Amino acid sequence: MENSKEKISPLGRDADRAPSVCADVKARRTDDTPPSEPAVSARGFCVNYGSFRAVKNVDMDFARGRVTAIIGPSGCGKSTFLRCINRMNDFVDGCTTSGLLALDGVNIFHKRLDVVELRRRVGMVFQRPNPFPKSIYDNIAYGVRLRGRIARSALDEIVESSLRRAALWDEVKDRLSSSALGLSGGQQQRLCIARALAVKPEVLLMDEPCSALDPKSTARVEELIGALSGDYTIAIVTHNMQQASRVSDFTAFFYEGNLVEFGRTSDIFTNPKCEATNDYITGRFG
Amino acid sequence: MKDSSRKLLDKSFTALATFTLVMLGVCVAAFLLPIIIRGAGAVVFKATVEHEKVLCENFGRDASEADEARFASTNAAREKFYALTDAYESAAAAEKFASDIDALRSASTAGAAKYKERICGALKLKSSERAAKIREISQKLWSGYADTLARCVKESETSGGSYGLEKFLDAEADKLSAAGKEISKTLTEGSGAGYSARSAVARNSVHYALGKLEEAKSDLAETNAAYNVFKSGVRELLGPRDALEKNSLNLMRQKYGQTRYENAKKIFSEDIETLTLTQKDASGAEKSVRVSAREKFSGTPVEKMLDTLRADFDAMLAPHTAFYWGFFTDNPADANIFGGIFPMIVGTFWLTLGAMLVAAPLGMASAVYFSEYARGGGITGFLRMCVGTLAGVPSVVFGLFGLAFLINTLKVSDGKSVLAGSLTLALLILPTIIRSCEEALKAVPNSYREAAGALGATKAGAILTVVLPAALPSMLTGIIISMGRAAGETAPIIFTAATSTGLALGLGELFSQPTTALPWNIYNICSEHEMAERVGHVQYGMALTLTAIVLGLNLAAIILRMKLQRKLKNR
Amino acid sequence: MGGGGSFAQAFCAGAGRLLLFCITALPTVAIVFMIFFIAGEAVPFFADLKNTAEFFSGFEWRPSDSHAPHFGALSIFYGTVMVTLGSCVLAVPAGIVAAVALSEISSPKISNAFKPVVELLAAIPSVVYGFFALVVFAPLLQENGGVLLAVAVLLIAFPASVVAAMCLGELAASVFYKDVRNPPVKLFSVPIGALLMALGLFAAHKMLSVEITSGTNALNASVILAVMALPTIVSLSQDALGSVGRDMREGSFALGATRAETIFKVVLPCAKSGIAVAVILGLMRVVGETMVVWMASGNALKIPEPFYNFLEPVRTVTATIAGEMGEADQSTGSARYHVLFALSFCLLMASLIFNAAGQWIGGGFKLPKK
């Protein structure tokens with residue numbers, strides 16, 4: 001154990017590495033969108049639960065408009081890290097952070113940062129579909145209505161476009177006023193994605209969005225992720241390496257709270273630089 | 001909506017919620033603190049020497065040396081005060097006045113001779129004019145006497161002796177009549193006046209003096225009535241002066257002064273320094289008025305008594321901090337004014353014990369059935385619903401049910417009894433016990449049952465040897481909490497078991513006798529006691545005792561539960 | 001052993017089971033007997049239709065009058081309803097807000113500290129509450145009633161006017177500045193708030209001059225009953241709130257909702273049936289409570305003037321039963337005895353209906369599984 005830690009530690013602490021990867025990405029972009037700053041970047045970012053350090057010194061960037069997958073064995077801190085990006089860790093007692101985590105260059109953990117605004121810009125989809133026990137329409141409209149009164153026609157438009165983006169419109173357009181709890185698991189998860197999209201976020205966090213779904217629904221959600229990339233910066237935590245390789249542009253491998261390796265998905269899966277990464281993706285542990 | 005307002009609303013809601021919590025805490029404190037503080041006053045308080053007197057003479061306590069010293073010192077201090085009252089009331093103080101009045105009466109009687117001619121003249125008048133004439137003549141004769149009388153009354157009121165003077169004046173009317181006869185004898189002797197003429201002279205010659213005497217007496221009576229009010233206040237404060245007086249009184253509350261210093265002070269300011277007098281107003285109707293004793297008696301010896309009382313207040317009562325643990329072990333005396341609350345505690349104990357003996361086994365058995373045997377379905381659902389329904393029935397209805405069913409129909413006892421009360425209470429707490437025991441049984445992991453089954457135990461054997469012992473501590477928690485509820489319930493025992501006064505019951509009387517019980521007696525002493533102001537400490541003391549019993553049981557349950565949880569966590 | 005032994009064993013097990021079943025059926029039997037006996041004693045009264053009609057429509061209550069007894073129980077029912085409503089108005093909002101505060105807002109440490117407090121509040125015997133009402137609260141109310149009322153009005157008026165001002169300000173701004181992105185909300189909310197606070201102050205000032213003739217009145221009983229109902233409402237509401245999944249809250253927060261919005265728009269709607277059950281059970285405790293109302297309500301046989309005047313004494317069903325049965329049960333069979341059973345029959349029915357409502361609401365709703 002000690003041995004492997006020593007081996008991987010230089011990787012995590014290499015401050016220059018993350019930007020260089022990013023630069024690398026920019027250089028290789030094939031579409032014609034101009035290169036831009038990363039949407040979310042972490043520098044020496046740590047998370048502690050009381051005295052236990054769950055995320056250690058992470059340096060990485062989430063490229064704008066791209067899908068970044070975070071993989072790693074259970075309890076490696078990947079979910080914890082993801083949840084920090086929209087401050088969901090605020091609700092965990094004794095959870096403290098150090099280092100820098102920035103959204104568009106603004107520290108997410110700044111004392112005077114507006115958490116409500118942050119969460120609107122950084123949407124989240126959870127492991128289990130969690131639609132509110134309201135109608136489908138009200139579920140989608142929930143986030144929009146929070147911002148104040150809005151004309152019914154405008155709201156209808158938002159609901160429809162969100163559902164369309166989440167590829168759910170055709171399935172539910174006739175029963176918008178029925179309860180969201182009546183939908184199937186996959187539909188519920190897409191509803192949750194639509195709900196997140198309705199408030200027009202910039203970043204979308206997905207915490208193992210398919211772990212509670214059957215293969216067919218999983219495929220539809222993966223399809224959806226593919227369709228959304230480009231417009232949204234997506235960070236997805238997954239246990240499923242195939243899924244990571246299918247949907248993501250970049251992959252980060254976490255192990256025991258450390259960011260072991262981060263790079264283009266194709267590189268990580270075909271040519272991992274670290275032994276631990278190799279062991280994990282070949283299924284030797286995890 | 002603007003984000004800033006949303007956040008403001010959020011913050012104000014947080015503030016409101018916190019405020020509600022704080023108010024909840026304040027509520028609990030405002031509720032418990034008076035009960036605890038004043039309730040403790042039933043046991044620990046500033047007592048006067050009278051407290052020890054009551055204990056020694058009625059509750060079989062032996063006087064300690066400190067008590068004896070206190071008795072001696074307070075008696076000495078009181079003697080000083082009583083010397084003042086004696087002096088004030090004694091005939092000696094009035095002697096000077098008496099001799100003055102005596103002298104003037106004799107002088108006036110003797111001086112009648114010089115009016116002989118005029119009186120004889122008057123006797124010749126018609127009888128209707130005669131009386132007026134004689135009165136007119138004799139008014140001069142008695143004017144000196146009347147002045148002296150008025151002077152004496154005034155002087156006695158300001159310098160003492162009014163008490164003796166009043167007694168002296170009681171006999172004065174007879175003496176005046178005698179004087180009248182003497183005058184009549186002197187004046188009409190040998191004049192050949194008839195009987196009626198003689199008696200007319202006798203009557204009318206002292207008429208004026210008698211009128212003045214009445215005036216003086218009523219004047220004195222008013223002063224002395226005020227003094228008597230003052231004295232009765234003092235007696236309430238210090239108790240009767242001697243054994244003779246004490247034995248002549250019936251109620252125990254009259255035989256002793258104030259046992260509590262705070263009550264003594266209250267009596268001093270409300271019944272001694274301020275007097276409640278009855279006065280007649282213009283229309284002759286009596287009404288009571290409050291007057292300051294110091295003003296009323298200003299410049300008189302009574303004022304000196306007031307001063308002495310004030311100055312020697314502590315010396316007469318010997319205030320000291322007393323721990324009256326007997327509050328819990330003594331029988332009450334004279335409607336709870338003295339003594340403790342032992343029978344109520346015992347009654348509550350019997351009622352609770354009886355209820356637990358019945359309800360705990362039944363409740364545990366039901367819980368075992370629900371958690372181990374019942375297989376869901378309609379009947380179990382219905383039984384469960386009935387448990388819930390029984391839990392929701394108002395407690396007073398339980399009481400009526402106990403009266404109508406247990407006493408009037410089953411006739412478990414002839415009228416109210418501890419047995420009937422216990423059974424009613426048992427029914428009342430049964431649902432609570434069933435629920436908590438069922439929860440405890442459900443918390444026992446299934447692996448226990450399976451392991452017992454794998455070892456070849458029958459279902460009943462597994463329940464008896466493995467499941468019940470594992471669930472017992474947790475069941476105990478629920479049972480203890482129900483016990484607290486049974487101890488505190490009032491409404492069910494009003495018609496089935498409770499009585500207002502009585503001594504602690506023995507085991508044999510439980511099946512036939514009603515008992516006193518803390519909850520009922522708290523109601524009783526608060527709502528129906530005729531001297532509520534004197535039993536304030538008992539009211540609070542009872543409330544605190546009951547609260548302490550119930551909360552103590554609950555606290556024990558909470559601690560037990562916390563220990564269990566810790567054990568489970570460590571497992 | 002052999003077959004005989006196992007048969008005996010099976011027989012024993014069956015008998016034991018039967019015994020347990022019989023014991024378990026005891027509450028059911030008790031309920032049936034209770035209804036039967038209470039109704040049985042009430043029937044002689046209800047059999048006389050004239051009396052029954054008067055019972056539900058008359059105001060004159062003189063059951064012990066041997067010449068012309070009157071059984072009009074309306075003012076007694078009214079007293080019960082009044083005291084119950086009064087305590088509900090106080091206890092329901094306070095209880096729900098306290099439950100929300102404990103389960104959603106305060107730190108676990110504070111919540112854990114409050115748990116025994118709420119339990120102890122529930123455990124205190126009702127007669128001790130009655131004692132407090134009669135010996136501590138009533139004299140306080142009688143001597144300083146105006147001041148107490150004024151303070152209470154201020155305590156309610158200030159937070160209420162702040163919140164109302166903000167909401168009304170938003171509303172007014174959105175009406176007058178329809179198309180402006182950041183309307184000047186303060187322009188509206190500040191004067192509205194000032195106005196409301198002035199109103200509150202005025203009301204408090206009015207209250208100062210109120211004189212309470214008797215400390216034992218409907219207000220006293222309502223306040224104490226509210227405190228008694230609080231622990232039931234708080235702990236059951238807390239259970240209901242706790243059973244709302246964490247994912248519901250996270251889903252709401254992730255969409256940019258504030259905590260208050262999450263509570264009001266997601267958590268409370270999810271827990272509403274549990275909270276309704278909590279309120280019903282709290283209400284049942286209030287309706288069935290005897291000692292507090294007996295000691296604190298003043299027991300005056302009349303409807304207050306005007307009918308909403310909480311500062312006048314009233315009399316409730318339970319207090320009437322407790323107070324008069326002591327004088328009536330000597331003469332079992334008298335009209336008074338039976339009319340009191342008729343009252344308690346109404347009480348029993350009310351509690352059964354409440355209970356059924358509670359079980360129906362509690363059972364008829366399925367929470368999304370955690």
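This is a predicted model: local features need pLDDT of at least 70, side-chain atom pairs count only at pLDDT 80 or more; totals for chains, interfaces and linings use all residues.
Buried, as used here, means under 20% relative accessible area.

**A buried helix in chain B**

Helix H2 of chain B covers residues 49–58. Seven of its ten residues are buried, so the helix is largely enclosed by the rest of the structure. The buried residues are Val49(B), Glu50(B), His51(B), Glu52(B), Lys53(B), Val54(B) and Leu55(B). Gly60(B) follows H2(B) and has a positive phi, near 65°.

Two of the charged residues in this helix pair up. Lys53(B) and Glu50(B) form a salt bridge, at 3.1 Å from N to O. They lie three residues apart in H2, about one turn of the helix. An α-helix has 3.6 residues a turn, so residues three or four places apart point the same way. Both Lys53(B) and Glu50(B) are buried.

**Salt bridges**

Side chains of opposite charge can pair when their charged atoms come close. Over all chains, the count comes to 55 salt bridges. The table lists four of them.

| Pair | N to O distance |
|---|---|
| Lys53(B) and Glu50(B) | 3.1 Å |
| Arg241(B) and Glu79(B) | 3.9 Å |
| Arg253(B) and Glu530(B) | 3.5 Å |
| Glu119(C) and Arg561(B) | 3.2 Å |

Take Arg241(B) and Glu79(B), which form a salt bridge with their closest N and O atoms 3.9 Å apart. This pair links distant parts of the chain, 162 residues apart. Arg241(B) sits in the loop between helix H10 (207–238) and helix H11 (243–247), while Glu79(B) belongs to helix H3 (residues 65–89). Arg241(B) is partly exposed, with a relative accessible area of 33%. Glu79(B) is partly exposed too, at 44%.

Now take Arg253(B) and Glu530(B), whose side chains meet in a salt bridge at 3.5 Å. Arg253(B) lies in helix H12 (residues 252–255) and Glu530(B) in the loop between helix H25 (518–527) and helix H26 (536–570), so the pair ties together parts that are 277 residues apart in sequence. Arg253(B) counts as buried because its relative accessibility is 14%. Glu530(B) is exposed, with a relative accessible area of 55%.

Chain A has a network of salt bridges. It links Arg64(A), Asp104(A), Arg121(A) and Glu202(A).

The size of an interface is often given as the accessible area lost when the parts come together. Between chain C and chain B, the buried area is about 7,200 Å². Carbon and sulfur atoms give 80% of that area. The contact takes 86 residues from chain C and 81 residues from chain B.

Polar links also cross this interface. Seven residue pairs are in polar contact, both partners at pLDDT 80 or more. Two salt bridges cross between chain C and chain B. Glu119(C) pairs with Arg561(B) in a salt bridge, the closest N and O atoms being 3.2 Å apart. H6(C) gives the largest share of the chain C side that touches chain B, with 14 residues.

**A nonpolar surface patch**

Residues of chains B and C also form a nonpolar patch on the surface, with about 800 Å² of accessible area together. Among them are Leu16(B), Met23(B), Val147(C) and Leu208(C). Helix H1 (3–40) of chain B and helix H6 (126–176) of chain C are the elements that give two or more residues to the patch. H1(B) gives the most, with five residues.

Phe19(B) is partly exposed, with a relative accessible area of 32%.

How values were computed: Residues are numbered from 1 along each chain as its sequence is written. Chains are lettered from A and ligands numbered from 1 in the order in which they are written. Side-chain values use heavy atoms; hydrogens and water are left out. Patches are made of residues with over 30% relative accessible area and no salt bridge: like charges are joined within 9 Å, nonpolar side chains (Val, Leu, Ile, Met, Phe, Trp, Tyr) within 5 Å. Accessible areas come from the Shrake-Rupley method with a 1.4 Å probe; for residues, only the protein chains shown count as cover. A salt bridge is a side-chain nitrogen of Lys or Arg within 4 Å of a carboxyl oxygen of Asp or Glu. Helices (H or I, at least four residues) and strands (E, at least two) are DSSP runs, numbered from the N terminus. Buried means under 20% relative accessible area, exposed over 50%, partly exposed in between (1.4 Å probe, protein chains only). Contact means heavy atoms within 4.5 Å. Buried area is the accessible area (1.4 Å probe) that two parts lose on being put together, summed over both. A polar contact is a pair of N or O atoms within 3.5 Å; within protein, one must be able to donate a hydrogen and the other to accept it, and residues adjacent in sequence count only if both atoms are side-chain atoms.
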